[in-house]
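Hi everyone, thanks for coming along. Please have a look at the structure on the screen, and then we'll walk through some of its parts together.

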Amino acid sequence: MYNNLQAIVLAAGKSSRFISRQSKLIEKICGQEMILYITKLLEKMKIDTTLVIGHKREVIESLVKAHHNNEINFAFQEEQKGTGHAVLCSREFWKKDHILILNGDVPLITEQIINSLFQKHLQNNAVISFVIAHNIDPQMKSYGRVVQNGNSIKIIEAKDETEERKEDFCINAGIYLINKNFLEIAINELYESKVTKELYITDLIEIANIKNQKIETFSVDFDFIRGINTLQELWAVEQIKRAEIIKYWMDCGIRFSTAQNNHIDLNVTIGSGTSIGSGVQIYKNSKIGNNCVIESFSVIDGSIIEDDVVIKSHTLIENSTVKNNCVIGSFTHIHSGSSVDSNSIISNFVEVKKSDIGSGVKIKHLTYIGDSEIGNNVNIGAGTVTCNYNGFKKEKTIIQEDAFIGSNNSLVAPVVIGKGAYTAAGSVITSDVPENSMAIARTEQINKKDYAQVIREKFNDASTLLSMTGAISSSPVILSEVRSTESKDD
Ligand code: UD1
Ligand code: MG
């Protein structure tokens, strides 16, 4: 369909209005780099593409190559001397009859716009056709203005404007279709702007007009062709994309309780019947199953959450898998490389790192599980810590199925707690516990009969003494007094 059409994408600019050292074209919009919106669209439309790169060329080139199996050509603009000069730098790649030239910073452009521009261009036998939009915001300063006067038409760049904008707020979108034969001649006729000393692609319009050549415009909704020159414009475009993604998932049966403050990346998928709470953010290639509940302020990053999972508020799950019917959170952090099998509960203030948790496991309070394998139906008591790091090396903790770990245990890795074993509360487990055994590793309790009264008396004496000498009464002083008396009496 597009056999006689090729595309040139301009991506060599310095991004100076971003006030950042990297190219704006690799800034992400809903998880995908800006430049890939255009290159992927052209790939989908099967249009041969050449990218003009210059500023930060290595970064852009390797990003694009990583996503396109090398079928994109690269032209090089060594010095950034304007959009017209960038087109000139791609000259050796001009092969087809019609050349689509696009700015790299217009990521919301659609297949339908490119196709309609091409059809109109062909039907009207134009030498140059370009996309326009209308925007009445007088602050809209970063666009070239399309000025038509009788038979004359030209684009005046915002930077070069000498007169106030009138009521015509027709702007140039930065998307052009040009006949190769015309381009080959007209490109040599571009002249430097007096203000910026750059060559502007936009001057091709005036050149065509002076040569009495057919020029066509194609008008679209401004939102589709928003260019991104500043961080504010990036924010505005991302808001549009984000709303588009969320509306799509609403149509697939997903309930967003406060859609205006949710963020869902482009490549995320969500199953129907799932409900997403306020402030939830879902990043990268996360896959959320059917009928899940993701409560407020949780973040799911690059993770797979299967069906019927409840993720309670303020939970962070990174690059991990959670299988069916689990309850995770609130305030749970599951770090990269972890998996949680079905029907498990991992709740309040529990941190899991690089660990595999079996099914039916309960880890409900204030626990750290690192570099561990936890078998099915294990119960881990409150305050348990796997001591996985000795300052040099990470070691593994293995807790086999049906084991029961008492509260406030320290499991010093490497260690294996056998199938069905028990550990007593407060234990420091330093060696393996055999299957079905019970391990107690804590000092024996001593009860001193009536000793509470002795402590009270000492406590009263100490505070009286302190108030008589005018010293400020403070509990650490009194307690140390009590402790020294206690050791003397022992
Ligand atoms: C450009 C248009 C303006 C239009 C607007 C739409 C020109 C002179 N102006 O302005 O009429 O309304 O886009 O968004 O074309 N680039 C290069 N080499 C360079 C300079 C730029 O490759 O030497 C690339 C940039 O990386 C960018 C694209 O060309 O992807 C457009 O450049 P930019 O500086 O954003 O132009 P605008 O000022 O937005
Ligand atoms: Mg721009």
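Let's begin with a question: which side chain meets that of Glu 373 in a salt bridge? The partner is Lys 396, with 2.7 Å from N to O. When I say salt bridge, I mean a side-chain nitrogen of Lys or Arg within 4 Å of a carboxyl oxygen of Asp or Glu. Glu 373 lies in strand E30 (residues 372-374) and Lys 396 in the loop between strand E32 (385-387) and strand E33 (397-399), so this pair ties together parts that are 23 residues apart in sequence. Glu 373 is partly exposed because its relative accessibility is 32%, and Lys 396 is partly exposed too, at 38%. For these words, buried means under 20% relative accessible area, exposed means over 50%, and partly exposed is in between, with a 1.4 Å probe and protein chains only. The strand and helix names come from DSSP runs numbered from the N terminus: helices are H or I with at least four residues, strands are E with at least two.

Before we go on, a word on what you are seeing. This is a predicted model, where local features need pLDDT of at least 70, side-chain atom pairs count only at pLDDT 80 or more, and totals for chains, interfaces and linings use all residues. Residues are numbered from 1 along each chain as its sequence is written, chains are lettered from A and ligands numbered from 1 in the order in which they are written, and side-chain values use heavy atoms, leaving out hydrogens and water.

Back to salt bridges: how many does the structure hold? There are 15. One of them joins Glu 61 and Lys 65, at 2.9 Å from N to O. These two are four residues apart in helix H2 (residues 57-68), which means that about one helical turn separates them. Glu 61 counts as buried because its relative accessibility is 18%, while Lys 65 is partly exposed at 35%.

Next, the metal. Which residues coordinate the magnesium ion, ligand 2? They are Asp 105, through OD, and Asn 229, through OD1, at 2.1 to 2.2 Å. Asp 105 lies in the loop between strand E6 (98-103) and helix H4 (111-123), and Asn 229 in the loop between strand E11 (215-219) and helix H7 (231-251), so the pair ties together parts 124 residues apart in sequence. Asp 105 and Asn 229 are both buried. Donors here are N, O and S atoms within 2.8 Å of the metal (3.2 Å for Na, K and Ca), and water is not among the atoms, so sites may look incomplete.

Now for the strands. Nine of them form an open sheet with parallel pairing, in the order E14-E17-E20-E23-E26-E28-E30-E33-E36. Strand E14 (269-270) and strand E36 (415-417) stand at the edges with a single partner strand each, so one side of each has no neighbour in the sheet. Two strands pair if DSSP finds at least two bridges between them. Inside the sheet, strand E23 (residues 321-322) and strand E26 (residues 339-340) run parallel and are joined by two bridges, with Thr 321 partnered by Ser 339.

Elsewhere, strand E27 (residues 345-353) has several parallel partners to look at. Seven bridges join E27 to strand E29 (residues 362-370), and two join E27 to strand E25 (residues 333-334). Follow Glu 351 in E27: His 333 stands opposite Glu 351, and in E29 the bridge partner of Glu 351 is Tyr 368.

Finally, let's zoom out. The domain assignment, which is automatic or from a database, gives domain 1 (5-225), domain 2 (252-337), domain 3 (351-445) and domain 4 (451-489). How many Å separate the centres of domain 1 and domain 3? Taken over C-alpha atoms, the separation is 61 Å.
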